[in-house]
Amino acid sequence: PNWHQVQKWVREVRKEVVSASSESRTAFSTTVQVLEEVAERYGRWQDSECIALKDDLVKIEKDGTGRVLLEDFYAAALNGSYQFTE
């Protein structure tokens with residue numbers, strides 16, 4: 001995900017944690033709870049990007065080999081499909 005998506009997601013997690021907390025939204029303990037929740041959930045949330053990346057690479061793989069020709073890898077980036085880099 002891009003930075004703006006990450007920020008939006010963290011704000012959503014924060015809002016959820018703060019609404020469930022009995023402490024002030026600016027209390028240190030609330031901030032700790034927010035950070036713990038972000039750390040707990042981030043891998044599952046970010047996994048969607050990994051799956052999308054894999055799907056994109058599978059689309060350009062060479063004849064079911066599981067390999068992508070370098071030419072195809074760079075062509076996909078040049079065509080603006082995605083931002084693959086080595």
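I counted the secondary structure elements and found 3 helices and 0 strands in the protein; helices (H or I, at least four residues) and strands (E, at least two) are DSSP runs, numbered from the N terminus. From the N terminus on, the order reads α-α-α.

I noted that this is a predicted model, where local features need pLDDT of at least 70 and side-chain atom pairs count only at pLDDT 80 or more, while totals for chains, interfaces and linings use all residues. Residues are numbered from 1 along each chain as its sequence is written, and side-chain values use heavy atoms, with hydrogens and water left out.

Next I looked up how H1 and H2 meet. The axes of H1 (residues 3–20) and H2 (residues 28–59) come within 9 Å and cross at roughly 130 degrees. Axes are lines fitted to C-alpha atoms, for helices over the stretch in contact, and angles run from 0 to 180 degrees between N-to-C directions. H1 and H2 are therefore oblique to each other; angles under 35 degrees count as roughly parallel, over 145 as roughly antiparallel, 65 to 115 as roughly perpendicular and the rest as oblique.

I then listed the contact (heavy atoms within 4.5 Å). Among its residues are Trp-9, Val-13 and Glu-16 of H1 and Glu-37, Arg-41 and Trp-45 of H2.

Which residues does Arg-41 touch, not counting those up to four places away in sequence? I found Trp-9, Val-13 and Glu-16. Arg-41 itself sits in helix H2.

Last, I took the box filled by the C-alpha atoms of the protein, along the principal axes: roughly 55 × 25 × 15 Å.
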